[in-house]
Amino acid sequence: MNVSATLNAFRLLRTPSLCLPHATISTFNDLPVPLSNAFGNGKADIRAVVLDKDNCFAVPKENVVYKPYMDKFNSLLTHYPPPHLLIVSNSAGTSSSDAFGTDASSLSSATGIPVLQHSTKKPGCGPQILQHFLTAPGSRVTSADQIAVIGDRLFTDVMLANLMGSWSVWLKDGVVGTRNQFVSWERKLPERLMRYGLKATPPGSML
């Protein structure tokens with residue numbers, strides 16, 4: 001169970017726009033590189049990227065890059081080399097699902113990218129992510145609005161970005177389809193909220 005997501009869901013009752021993305025694309029292969037181009041306003045200065053794993057650049061439960069995405073993955077890695085690229089997964093690297101760090105180590109070896117070791121699952125691990133980018137040797141990040149979060153889930157990846165004060169890119173289709181009714185409902189939520197005039201939370205300070 002993701003306690004962090006459950007607790008943070010109550011924030012949506014007060015601020016439903018927290019689950020709205022700043023940019024929406026179909027799959028990882030549709031990512032514009034550099035990522036500042038994803039937001040089309042000329043204001044984004046993206047210096048670092050947070051990547052979800054499952055159904056983002058990898059098939060769920062696999063610790064390698066999905067082969068059709070390899071060229072795009074390498075392009076992203078070239079543009080945002082470590083320490084400016086970080087994998088944050090709710091499976092690999094979490095104390096509850098990967099207590100000994102086996103999956104995190106395997107994933108990092110396969111991708112060449114560090115995997116965040118975190119005790120609080122998304123969307124509640126924003127402080128650890130910021131700490132990583134602000135203190136990593138060679139990092140050019142000085143504020144949360146220089147970070148973009150890429151993922152396929154609104155209530156974890158997109159909400160994480162909005163709570164951090166960062167930019168979000170939502171992969172609405174991901175690597176594989178889903179039969180999960182909750183996920184199917186979640187994917188229809190942005191359109192419904194925007195009908196009421198709601199917009200994504202502007203990047204800035206952490207909420």
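Lys61 is exposed, with a relative accessible area of 80%, where exposed means over 50%, buried under 20% and partly exposed in between, using a 1.4 Å probe on protein chains only. Its phi is near 75°, a positive value in a residue other than glycine. Lys61 sits in the loop between E2 and H2. Asn55 lies in the loop between E2 and helix H2 (70-79), and Asn55 also has a positive phi, of about 65°, although it is not a glycine. Asn55, however, is buried, with a relative accessible area of 8%. Most residues other than glycine have a negative phi, and most peptide bonds are trans.

A word on the ground rules: this is a predicted model, with local features needing pLDDT of at least 70 and side-chain atom pairs counted only at pLDDT 80 or more, while totals for chains, interfaces and linings use all residues. Residues are numbered from 1 along each chain as its sequence is written, and side-chain values use heavy atoms, with hydrogens and water left out.

Helices (H or I, at least four residues) and strands (E, at least two) are DSSP runs, numbered from the N terminus.

Five strands make an open sheet in the order E1-E5-E4-E2-E3, with parallel pairing; two strands count as paired if DSSP finds at least two bridges between them. E1 and E3 stand at the edges with a single partner strand each, so one side of each is left without a neighbour in the sheet. From one strand to the next, the twist averages 20°, based on axes that are lines fitted to C-alpha atoms (for helices over the stretch in contact), with angles running from 0 to 180 degrees between N-to-C directions. E2 and E4 pair in the parallel sense over four bridges, and the bridge partner of Leu51 in E4 is Ile150.

Leu51 and Ile150 turn up again in the largest nonpolar core, which has 31 residues; they are among those with the most contacts inside it, along with Phe28, Leu35, Ile46, Phe57 and Val169. A nonpolar core here is a set of buried Ala, Val, Leu, Ile, Met, Phe, Trp, Tyr and Cys residues joined through side-chain atoms within 4.5 Å. E1, E2, H2, strand E3 (85-87), H3, strand E4 (147-151) and strand E5 (167-171) each supply at least two residues of this core. E5 gives the most to this core, with three residues. There is also a second, separate core of 16 residues, and it includes Ala48, Val88, Phe133 and Ala161.

Back to Phe28: leaving aside its neighbours within four places in sequence, Phe28 is in contact (heavy atoms within 4.5 Å) with Leu51, Cys56, Phe57, Tyr69, Lys72, Phe73, Leu76 and Leu171.

Lys72, Phe73 and Leu76 are also the buried residues of H2. Seen down the axis of H2, these buried residues fall within an arc of 100°, so they line one face of the helix; the arc is that of the directions from the helix axis to the C-beta atoms. What covers them includes E2, E3 and H3. On the other side of H2, Asp71 and Thr78 are exposed.
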